[in-house]
Amino acid sequence: MFLLRRPPRFRPSRIFSHVPHQKPTPRSPPPPPPSPQSLRSYPQPSWHSTKPPPPEEEEIHQRIIPHKRNPYNPSNNRNPYSYRTYNNDHYIRLQAAEPLRGPSKITTTAVIAIATTAGLLFYFANLEKVPVSNRTRFNVYGPDSSTLKSVAEMSYKRLLIELQDQGARILPEWDPRTVRVRRVMQRLIPFSGMGANQDWEIFVIDAPNQANAFVLPGGKVFVFSGIMNLARGDSALATVLGHEIAHNVAGHFGERLSQDIGKNILLFSLMLLGGVIGIGPLIAGWFGTSVIDITFGNPMSRLQETEADYIGLMMMSEACFDPRDAVGFWGRMEMVGQREVARGGVDVPEWASTHPSNANRIKKIQEWLPEAMRKREDSDCSTTGSTADAFRRALETGGFIIMGW
């Protein structure tokens with residue numbers, strides 16, 4: 001029996017086409033890739049528009065970016081290390097960038113509200129009344145503050161070093177000018193209310209061309225001899241020294257330090273707000289040195305000077321000095337200021353100065369004179385004052401006074 005084998009199935013080769021007489025049509029060449037310059041000239045789409053396709057010649061790399069698991073959505077928990085495409089072309093990445101998001105309005109409003117509330121609580125917790133004038137003011141440092149004492153001590157030592165560097169000479173105790181200042185101070189200190197709390201030291205500097213005087217916290221009195229030419233009598237000198245002592249009575253040194261805290265907080269807040277719009281350095285340089293001083297610093301300084309004039313006038317009246325001599329002293333100061341301007345000096349307007357003008361000082365003192373004269377009459381020196389007035393009238397009229405012993 002013969003076994004017949006099935007003939008093999010014909011399988012045409014791949015090199016032959018099923019249409020033997022048709023030639024394959026040639027494919028069109030691919031377009032040339034765009035140049036980088038043409039890519040940069042593409043118009044920028046909006047943030048939510050379709051991004052242009054990346055160029056073919058740019059390499060697109062794949063990075064393994066960790067994917068965080070979401071415990072609240074298990075269906076989204078895919079492979080923690082998945083492949084994502086990342087384009088190295090800076091232009092494409094810039095097109096896909098999104099604007100930065102700032103803090104939410106709720107967070108900013110809450111921070112501003114908390115800071116404002118804390119600032120108001122701190123302000124009202126440090127309000128107090130000024131002695132004699134009963135003015136309400138903000139003051140962080142009390143009269144017994146260790147910070148105030150340390151700052152005053154540093155100012156005292158620095159001033160002595162500056163005087164030594166300038167070659168200034170401190171007059172000895174036996175000098176007539178020093179004796180005169182001590183005599184006036186001995187009459188003013190008992191009426192200042194600060195006699196037992198201060199270690200008084202008096203320094204008279206030999207400076208004929210400098211008319212100035214001040215009292216540092218702690219009882220350090222500095223008088224430049226040039227003021228003696230304007231303060232011709234003890235009452236005029238008491239006007240100057242009473243004014244300077246009044247600054248310590250009212251605690252103006254600590255008040256100025258407290259004002260510096262408030263100005264620094266205000267300036268820092270304005271710098272933070274200005275930093276958002278890019279004008280922080282401008283605010284620090286211009287607003288911090290000019291506008292704050294003219295708006296807050298100078299008016300407060302003039303108010304303190306006027307307050308010291310009032311307290312000093314009442315103090316010298318109770319110490320048996322004649323308050324009417326204060327008008328003559330500030331009149332001479334006004335004449336000196338006018339001569340300085342005539343010689344080419346700068347006439348600073350009152351709104352830009354830390355002190356009130358001499359004309360306004362004279363006007364205020366004339367308003368306070370009736371009250372000062374009543375204080376003088378009510379004090380223990382009323383008899384001495386009436387005798388001095390009699391001598392004054394006698395000198396003016398050329399008459400005689402007959403006194404009974």
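In which loop is the place of Asn-126? In this predicted model, Asn-126 is placed in the loop between helix H3 (105-125) and strand S3 (127-129). Helices (H or I, at least four residues) and strands (E, at least two) are DSSP runs numbered from the N terminus, and residues are numbered from 1 along each chain as its sequence is written. Because the model is predicted, local features need pLDDT of at least 70 and side-chain atom pairs count only at pLDDT 80 or more, whereas totals for chains, interfaces and linings use all residues; side-chain values use heavy atoms, with hydrogens and water left out.

The secondary structure of the protein chain comprises eleven helices and seven strands. Of its 405 residues, 31% count as buried, where buried denotes under 20% relative accessible area, exposed over 50%, and partly exposed the range in between (1.4 Å probe, protein chains only). The chain exposes about 28400 Å², of which carbon and sulfur atoms supply 59%; accessible areas come from the Shrake-Rupley method with a 1.4 Å probe, and for residues only the protein chains shown count as cover. Among contacts (heavy atoms within 4.5 Å) with a separation of 6 or more, 63% are accounted for by residues 24 or more positions apart.

Asn-126 is buried because its relative accessible area is 17%. With residues up to four places away in sequence not counted, Asn-126 touches Arg-137, Phe-138, Asn-139 and Val-140. Ser-258, located in helix H7 (residues 252-277), is in contact with Phe-138, Asn-139, Val-140 and Tyr-141 when its neighbours within four places in sequence are left aside. The relative accessible area of Ser-258 is 0%, and the residue is therefore buried. A polar atom of the Ser-258 side chain lies 2.9 Å from the backbone oxygen of Gly-254.

An open sheet of three strands has the order S5-S7-S6 and mixed pairing. Its edge strands are S5 and strand S6 (213-216), each of which pairs on one side only. From one strand to the next, the twist averages 15 degrees. Two strands are taken to pair if DSSP finds at least two bridges between them. Strands of a sheet pair through backbone hydrogen bonds, either parallel or antiparallel. Here, S5 and strand S7 (residues 220-224) pair in the parallel sense over five bridges, and Ile-205 has Phe-224 as its bridge partner in S7. S6 and S7 run antiparallel and are joined by four bridges, with Val-215 standing opposite Val-221 in S7. Strand S5 (residues 201-205) is largely enclosed by the rest of the structure because four of its five residues are buried.

Helix H4 (residues 146-166) lies across S5, S6 and S7 and runs at about 30 degrees to S7. Helix H5 (residues 176-188) lies across S5 and S7, at about 145 degrees to S5. Axes are lines fitted to C-alpha atoms, for helices over the stretch in contact, and angles run from 0 to 180 degrees between N-to-C directions.

H9 and H10 pack at an angle of about 175 degrees, with their axes 9 Å apart. H9 is therefore roughly antiparallel to H10, given that angles under 35 degrees count as roughly parallel, over 145 as roughly antiparallel, 65 to 115 as roughly perpendicular and the rest as oblique. On the H9 side the contact involves Ala-326, Val-327, Trp-330, Gly-331, Met-333 and Glu-334, and on the H10 side Asn-358, Ala-359, Arg-361, Ile-362, Ile-365, Gln-366 and Leu-369.

Glu-350 lies in the loop between helix H9 (325-342) and helix H10 (358-378). This residue is partly exposed because its relative accessible area is 29%. Apart from neighbours within four places in sequence, Glu-350 is in contact with Arg-302, His-355, Pro-356, Ser-357 and Asn-360. The C-alpha atoms of Glu-350 and Arg-302, 48 residues apart along the chain, are separated by 8.9 Å. The side chains of Glu-350 and Asn-360 make a polar contact (2.6 Å); a polar contact is a pair of N or O atoms within 3.5 Å, where within protein one must be able to donate a hydrogen and the other to accept it, and residues adjacent in sequence count only if both atoms are side-chain atoms.

Cys-320 is placed in the loop between helix H8 (280-318) and H9. Although not a glycine, Cys-320 has a positive phi of about 75 degrees. Most residues other than glycine have a negative phi. Cys-320 is partly exposed because its relative accessible area is 28%.
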